[in-house]
Amino acid sequence: MILAVETSCDETAAAVIGDGPKVLSNVLSSQMKVHVATGGIVPEVASRLQLEMIIPIIDQAMQKANVTWSNIDRLAVTEGPGLNGPLLVGVETVKALAYARDLPVTPVNHLAGHLYACLRDATEFRFPYLGLIVSGGHTELVLMKGHHQFELIGETRDDAAGEAFDKVARLLGFPYPGGPEISKAAENGNPNAYDFPRAMLDQDNFDFSFSGLKSAVRREVETIDELDSQTIANLAASFQAAVIDALVAKTVRAAQHHKPAAVLLGGGVAANTELRTRLQAALDNEAFMLRITPKDLATDNAAMIGLAAYYSNKTISPFELSVDPSLSMAATF
Ligand code: KG4
Ligand code: ZN
């Protein structure tokens, strides 16, 4: 039985994994409402809210799973990447609990968690997997060669895909986080209305770049006197199409090159319906299997951290535990 904690950003989350890799509870407290007011996350505010919520959320996760401390065999916690202050709240809490209850700890890479979320319902594992992680902080293509054996093969050179969604949403007058708002607006828009750039498509690598696209949208918006709802929908649809073209093209290219047993799509942006549909169609065409993160595990949560821990044989004492805000997938290979 594993009690898992995730506090890398603006969600305070705890989960219990047991009975084989089953999610027995998965609870979280989101700070979204607070960050809407500032149009984004203020790290110091996020840390303080983590501190207020962490113990109640752990209590709730244990109650919902109907377990007590005597049932817990192991603790798991996100060690990075993420925001330093919020990460520290989870890590120091788990450190104290591990010491008090004499429990081993499995440190988990947040991005590995996003990939294990895609494998929640897997009955057998066939490596290698090719993982596309698209979140507010990361856009990475990762080769998963075995449990917790990762090789980073491509990443964004500037903005993450989710970050681009959030910044463009702001330009169009939508609240934070912008991903869901853009995808909703895009449903009524024409994806060919504006010809936005698809950066690095002609380059023979698996990297991405989204900051030029964001600037192109800004320049376009500056030429428009009044943003009516149809113009906003067209801008949203054209922007979204440009992001998805780049993500799909590079993922298909990486799949052709590395011939994975399946492609995994994880991270908050994996909630985007158009991305899911387009990637599925492109991979079907090439006869690659796609495993998408279940929608309830797409954005940050602790179940994915517990699932990743379940397949890890790394346990450390609480005194060896520390945060690494810039922990990379490359470091785990
Ligand atoms: O993985 P996540 O919950 O947190 C990070 O680790 O960053 O991802 C959050 C990101 C935000 O940028 C949000 O705008 C984006 O995921 N997102 C979406 C959608 N839902 C969430 N982006 C595009 N379309 C969506 N439907
Ligand atoms: Zn995440």
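Predicted model: local features only at pLDDT ≥ 70, side-chain atom pairs only at ≥ 80, totals over all residues.

User: OK. Which residues coordinate the zinc ion?

Analyst: The zinc ion (ligand 2) is held by His-110 and His-114, each through NE2, and by Asp-300 through OD, at 2.1 to 2.2 Å.

User: And what spacing do those donors follow along the chain?

Analyst: The spacing is H-x3-H-x185-D. So the site ties together distant parts of the chain: His-114 sits in helix 4 (residues 110–118), and Asp-300 lies 186 residues away in the loop between strand 10 (290–292) and helix 10 (303–310).

User: Is Asp-300 buried or exposed?

Analyst: Asp-300 counts as buried because its relative accessible area, 14%, falls under the 20% cut-off. His-114 is buried too, with a value of 1%.

User: Where is Ser-8, then?

Analyst: Ser-8 is in the loop between strand 1 and strand 2. Its relative accessible area is 3%, so Ser-8 is buried.

User: Which side chains make polar contacts with it?

Analyst: The Ser-8 side chain has a polar contact of 2.7 Å with that of Glu-6, and another of 3.3 Å with that of His-110.

User: Switching topic. How many residues are in the largest nonpolar core?

Analyst: That core has 49 residues, and Phe-196, Phe-210 and Phe-239 have the most contacts inside it. Several elements supply at least two residues each, including strand 6 (129–134), helix 5 (161–171), helix 7 (211–222) and helix 9 (273–285).

User: Which element gives the largest share?

Analyst: Helix 8, with 14 residues.

User: What's around Phe-196?

Analyst: Leaving out residues up to four places away, Phe-196 touches Leu-213, Ala-216, Val-217, Glu-220, Leu-235, Ser-238, Phe-239 and Ala-242. There's also a second, separate core of 32 residues, with Ala-4, Ala-13, Leu-111 and Val-142 among its members.

User: Now helix 2. How far apart are its end C-alpha atoms?

Analyst: They're 31 Å apart. Helix 2 (residues 43–65) has 23 residues, so at 1.5 Å a residue you'd expect 33 Å, and the two agree.

User: Where does helix 2 bend?

Analyst: At Met-53, by about 40°, with the proline Pro-56 following within four residues. Just after the helix, Asn-66 takes a positive phi of about 60°.

User: What do its buried residues pack against?

Analyst: Strand 1 (2–6), strand 2 (11–18), strand 3 (22–30), helix 1 (32–38) and helix 3 (84–101). The buried residues of helix 2 include Ala-46, Gln-50, Ile-54, Ile-58 and Met-62.

User: Last one, where's Arg-120?

Analyst: Arg-120 is in the loop between helix 4 and strand 6. With a relative accessible area of 25%, Arg-120 is partly exposed.

User: And which residues is Arg-120 in contact with?

Analyst: Setting aside neighbours within four places in sequence, Arg-120 is in contact with Val-23, Pro-294, Asp-296, Leu-297 and Leu-307.

How values were computed:
Residues numbered from 1 in each chain as written. Chains lettered and ligands numbered in written order. Heavy atoms only, no water. Donors = N, O, S within 2.8 Å, 3.2 Å for Na, K, Ca; no water. Buried < 20%, exposed > 50% of the residue type's maximum accessible area, 1.4 Å probe, protein only. Core = buried A, V, L, I, M, F, W, Y, C linked by side-chain atoms within 4.5 Å. Contact = heavy atoms within 4.5 Å. Expected span 1.5 Å × (residues − 1). Bend = angle between axes of the 7 residues up to and from the residue. Polar contact = N/O pair within 3.5 Å; in protein donor to acceptor, adjacent residues only side chain to side chain.
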